[in-house]
Amino acid sequence: MSSFEELGLNSNLIKAITEMGFENPMPVQKEVIPFLLGEGENDLIALAQTGTGKTAAFGLPIIQEVDGSKSTIQYLILAPTRELCMQITKDLESFSKHSARVKIVAVYGGASIETQIRAIKNGAQIICATPGRLLDLIKRRVVKLGGIRTLVLDEADEMLNMGFREDLEEILETAPKERRTLLFSATMPNEIRKISSNYMVDPKEITIGRKNAGSDDVEHFCYFVHAKDRYAALKRLADFYPGVYGIIFCRTKIETQDVADRLIKDGYNADALHGDLSQAQRDAVMNKFRIKHLRLLVATDVASRGLDVSNLSHIINYNLPDELEVYTHRSGRTGRAGKKGTSIIIANLKEKGKIRQIEKKLNKQFIISEIPGGKEICENQLFHFIDKMKNVEVEESDISSFLPQVYKKLEDLSKEEIIKKFVALEFNRFLDYYKSSSDLISPKDSRRTRETRDSRETSSADAYTRFFINLGKTDDLKPTTLIGMINDYTRSKSIDIGEIEILRNFSFFEVDNQFSDLVLNSFKRKNFKGRDINIEVAERKKRTLQKHERGKAQSGKRRHTPRNPRNNNFDRKRRG
Ligand code: AMP
């Protein structure tokens, strides 16, 4: 295995990264560092996800090559979010700890521009910026790109997803033509290809892991549940994995808050992260999550971007994202730095088609599993608790003075009684809940009776009403806008929404049957951007293919939940 020295890094950098605990270069670093330090000046496209070590891959050569004797801007790094900018800046500062006169400034929206202007005017060779704030500073003539040697686009696909395309193009036009451009992206949609063909010269392409694929260290599970059981399923999964440390992704801000509120009420260490919170609130939540004071973070995709946590045990998709590519980003947040991770989808049967598309994209199969039963969950919790008790470090000196009194208090009880009481004390809460709640029945069980009745449609299709709405792409209608309208107009956060199909001039969406009248009535006399809204119940989609597909998916792929994950080294979640 080549070492960092063999890649060509100088001793100041080696010293800094050794102090950071880096021992061997990660694959992206082995490819990128010698390429950037070498003779050539080619551009670079690297398909690499967050967590692969890409910041050091571009950051270390930049620090090595920066001209510390000049105080002009030589390197520009663009990133989609404030959090990622701060993270990159922090990493670069750590790398440059022993390198003289290297100055990195982070600029991003939502913070004082005056402070950032002062920092740049004090002299910086490296700027790490979000596109919008950078353009602002260019227009104010505070940032001049004339001396840029290398421009890095980090998480380029995220920048495009977040609507920064025009800003990016303006920056790429403004930067000197003879610069080097490095583009890092987890996925390679066509828009990225366009950017690369318009603004990059003969780029070398490297792929860390498969193209558009997730990490091999992630196992993907799918649990099919009835729409009404989604939250109960989430709770069971959280209980089944004692000590889970993960992110639960929701589709909307309202759903995010709702799920977090319910988890908190039910005694979990959880909180919400979404765009309706102030920056200070979001920072506080992220900090608590980073230091594991929160074990479950319920988040929207946008708000969680830039949250860099490398040791998550689980990603839970409470709802699938509208853009399937986003699933790759979500699941790529676990299974990092050589650790195993689990990505879970809680889905209804109608989403089977989407699951298959994701499988194709990942080139991996989901393990279709049953929601664990109460007995399995209690078993896991109990054994985890016992393991933890066995492994606890006892500080003799701290507790020895209390022990004689403790022994005295317990002297009437036998060893067996002490064990029973001790287990019950910690464990009654689980036993009580699971004693009184019956196991969740997965949709396939109830489906059997219906299949004989109607072989052309799945039972889950029966559960939804399909609506036509006279708004479409030309009205700038997006799935999230439509979900927001349903939530706002019905004033209900708990309506399960099925498939959404946005077409040019009109669209279709599905909601749980029990809410169809409510939806129909609440959309009356509403308008969208000045246009009167008209919704009608539409004919259901024919699903002739689904029976066949269903048969295929069941053969061989359905597997029971892993029975005993307690070797996974999870800590038990603290409650209450
Ligand atoms: P990144 O993909 O840049 O977000 O990096 C993911 C994590 O891996 C960060 O916490 C880095 O500090 C860490 N990291 C990067 N390179 C190495 C390395 N060679 N050895 C150990 N950890 C590393």
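This is a predicted model: local features need pLDDT of at least 70, side-chain atom pairs count only at pLDDT 80 or more; totals for chains, interfaces and linings use all residues.
Residues are numbered from 1 along each chain as its sequence is written, and side-chain values use heavy atoms, with hydrogens and water left out.

Two packed helices are described by the angle between their axes and the distance between the axes. For helix α6 (residues 131-139) and helix α8 (residues 165-174), the axes come within 9 Å and cross at roughly 45 degrees. Axes are lines fitted to C-alpha atoms, for helices over the stretch in contact, and angles run from 0 to 180 degrees between N-to-C directions. The helices α6 and α8 are therefore oblique to each other; angles under 35 degrees count as roughly parallel, over 145 as roughly antiparallel, 65 to 115 as roughly perpendicular and the rest as oblique.

The residues in contact (heavy atoms within 4.5 Å) are Pro131, Gly132, Leu134, Leu135 and Lys139 of α6, together with Asp167, Leu168, Glu170 and Ile171 of α8. By class, five residues in the contact of α6 with α8 are nonpolar, one is polar and three are charged. Here Ala, Val, Leu, Ile, Met, Phe, Trp, Tyr, Cys and Pro count as nonpolar, Asp, Glu, Lys and Arg as charged, and the others, Gly among them, as polar.

## The parallel sheet

An open sheet is formed by seven strands in the order β3-β4-β2-β5-β6-β1-β7, with parallel pairing; two strands pair if DSSP finds at least two bridges between them. At the edges stand β3 (104-107) and β7 (204-207), each with a single partner strand, so one side of each has no neighbour in the sheet. On average, neighbouring strands of this sheet are turned by 15 degrees against each other, direction ignored.

Within the sheet, strand β1 (residues 44-47) and strand β6 (residues 180-185) run parallel and are joined by four bridges. Ile45 stands opposite Leu183 in β6. Helix α4 (residues 82-95) packs on the sheet and touches β2 (75-78), β3 and β4 (126-129), its direction making about 175 degrees with that of β3. Helix α5 (residues 113-121) lies across β3 and β4 and runs at about 155 degrees to β3.

## A hairpin

Strands β16 and β17 form a hairpin with four residues between them. Strand β16 (residues 497-502) runs antiparallel to strand β17 (residues 507-512), and four bridges join them. The bridge partner of Ile502 in β17 is Ser507.

## Two residues with positive phi

Asp476 is not a glycine, yet its phi is positive, near 65 degrees. Asp476 is placed in the loop between β15 (464-469) and α22 (479-490). At 41% relative accessibility, Asp476 counts as partly exposed; buried means under 20% relative accessible area, exposed over 50%, and partly exposed in between (1.4 Å probe, protein chains only).

Arg525, also a residue other than glycine, has a positive phi of about 55 degrees. Arg525 lies in the loop between α23 (516-522) and β18 (527-528). With a relative accessible area of 78%, Arg525 is exposed.

## The whole chain

The chain has 24 helices and 20 strands. Helices (H or I, at least four residues) and strands (E, at least two) are DSSP runs, numbered from the N terminus. Of the 576 residues of the chain, 53% count as buried.
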